[in-house]
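Visitor: I would like to go through this protein with you, one question at a time. Could we begin once the sequence and the structure are in view?

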Amino acid sequence: MTERLFYTDSYLTAFEATVVEIADAGLRVYLDRTAFYPSSGGQPNDLGTLNGTKVLDVVDEEERIAHVLEKPLPAGAVSGCVDWTRRFDHMQQHSGQHLLSAVFEALYGMKTVSFHLGAESSTIDLETASLLPAQVHAVEERAFQLVLECKPLAVAFEDASAAAGLRKASEREGTLRVVSIEAVDRSACGGTHVRSTGEIGPIQIRKLEKIRGNVRVEFLCGHRATRRARADFEALNSAAKLFSAPLDEVPELVKALQEQAKESDKARRKLAVELALRRGAEQLAASVEDPSGLRRHVEHVNAGGLGDEVRALAQGFTSAGRGVFVAACGDPPSVMLATSIESGVHAGDRLKELLAAHGGRGGGSAQMAQASLPSVDALNALLAAL
Ligand SMILES: [Zn+2]
């Protein structure tokens with residue numbers, strides 16, 4: 001059985017121990033005692049070195065803790081060194097979670113059903129259907145107040161049958177490790193914690209997400225919170241610079257810009273249609289009459305179908321004289337036939353006849369008809385016939 005030094009001292013980073021068993025050709029070692037925390041209870045494992053060899057993973061095997069190493073290590077005495085930056089970050093997030101969970105429960109009766117400490121951010125799942133922005137704000141304020149009050153955190157080992165007042169009842173029997181925040185919280189937990197709520201530092205609640213009837217709350221504590229706030233500031237500040245405006249005005253300015261873009265787009269479409277109408281009339285004027293007196297134009301559109309602009313082009317071309325206008329698009333396969341009244345060609349009837357022979361669906365009026373074809377081959381055959 002491995003003695004868990006982190007149970008009684010989460011600030012211990014250098015320790016002496018003996019390798020009592022080796023597995024996997026020396027890549028997996030077991031010690032008589034260790035300060036390395038294994039992944040468990042939502043908290044990730046520690047990293048560091050054993051006799052200078054990198055520890056890649058720390059695995060909880062119930063009785064024992066396995067250290068997975070980068071290079072094999074022989075049996076004997078070892079000096080262990082835990083990566084303190086990583087450990088302290090985990091302590092800040094985990095103690096911050098206990099504090100937040102206690103405050104959510106105290107203020108709104110919302111119970112924490114699970115906790116995950118991630119590489120970037122951490123989450124707690126709250127047993128509630130909804131969480132209002134005002135509630136988030138109140139919890140954040142209250143939690144930070146408790147940080148400022150530097151409430152002591154303590155670890156005690158109590159008999160499960162006698163342990164009372166736990167935030168969440170434990171199913172374990174025998175000895176329980178109870179982590180308490182003075183006058184705020186008592187939780188059965190095996191994790192590593194700071195000594196005082198003051199060491200948690202700033203607490204920032206971020207994204208809320210509804211998951212399986214609960215609300216998942218993302219949060220950051222300590223260095224993570226200040227680093228994130230700095231990154232948020234830089235992102236917002238670069239947007240503010242583009243507007244030459246104060247940070248707080250950015251959301252309103254973005255909204256105004258979006259509306260402006262929508263208006264501009266509407267105006268652009270209107271102008272494009274007007275331009276197409278004129279282009280169609282110009283093409284008609286520039287076209288040459290065939291022996292039967294008809295003026296023809298075939299417009300090939302690459303992709304995107306036959307929209308308002310093509311329709312305007314057709315209307316321009318058939319606005320006077322004996323114009324017959326055909327537009328075709330291969331993606332999706334579609335065709336448009338427009339005719340002037342003077343042409344004597346009934347667009348709808350003519351297209352219907354061709355569709356009967358080549359497949360496809362569509363129709364229209366005497367002067368404007370449109371259809372979609374099942375394939376590019378069918379489209380080409382129809383165009384040849386037309
Ligand atoms: Zn815990």
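Guide: Contact here means heavy atoms within 4.5 Å. Please keep in mind throughout that this is a predicted model.

Visitor: Is Thr339 buried or exposed?

Guide: A residue counts as buried under 20% relative accessible area. Thr339 has a relative accessibility of 0%, and therefore counts as buried.

Visitor: Which backbone oxygen does the side chain of Thr339 reach at 2.9 Å?

Guide: Two backbone oxygens can be named for this side chain, and the distances tell them apart. The backbone oxygen of Ala366 lies 3.1 Å from a polar atom of the Thr339 side chain, whereas the one reached at 2.9 Å belongs to Val345.

Visitor: Against which elements do the buried residues of α5 pack?

Guide: Helix α5 runs over residues 308–317, and its buried residues are Val310, Ala312, Leu313, Ala314, Gly316 and Phe317. As a general point, an α-helix has 3.6 residues a turn, so residues three or four places apart point the same way. The buried residues of α5 pack against α4 (250–286), β16 (295–301), β17 (323–330), β18 and β20 (368–372).

Visitor: Turning to another strand, what is the relative accessible area of Leu56?

Guide: Leu56 has its place in strand β6, residues 53–61, and apart from neighbours within four places in sequence it is in contact with Asn45, Leu47, Val68, Leu69 and Glu70. Even with these contacts, Leu56 is partly exposed, and its relative accessible area is 47%.

Visitor: How far apart are the C-alpha atoms of Leu56 and Leu69?

Guide: Leu69 is one of the residues in contact with Leu56. Along the chain the two are 13 residues apart, while the separation of their C-alpha atoms is 5.4 Å.

Key. Residues are numbered from 1 along each chain as its sequence is written. This is a predicted model: local features need pLDDT of at least 70, side-chain atom pairs count only at pLDDT 80 or more; totals for chains, interfaces and linings use all residues. Side-chain values use heavy atoms; hydrogens and water are left out. Buried means under 20% relative accessible area, exposed over 50%, partly exposed in between (1.4 Å probe, protein chains only). A polar contact is a pair of N or O atoms within 3.5 Å; within protein, one must be able to donate a hydrogen and the other to accept it, and residues adjacent in sequence count only if both atoms are side-chain atoms. Helices (H or I, at least four residues) and strands (E, at least two) are DSSP runs, numbered from the N terminus.
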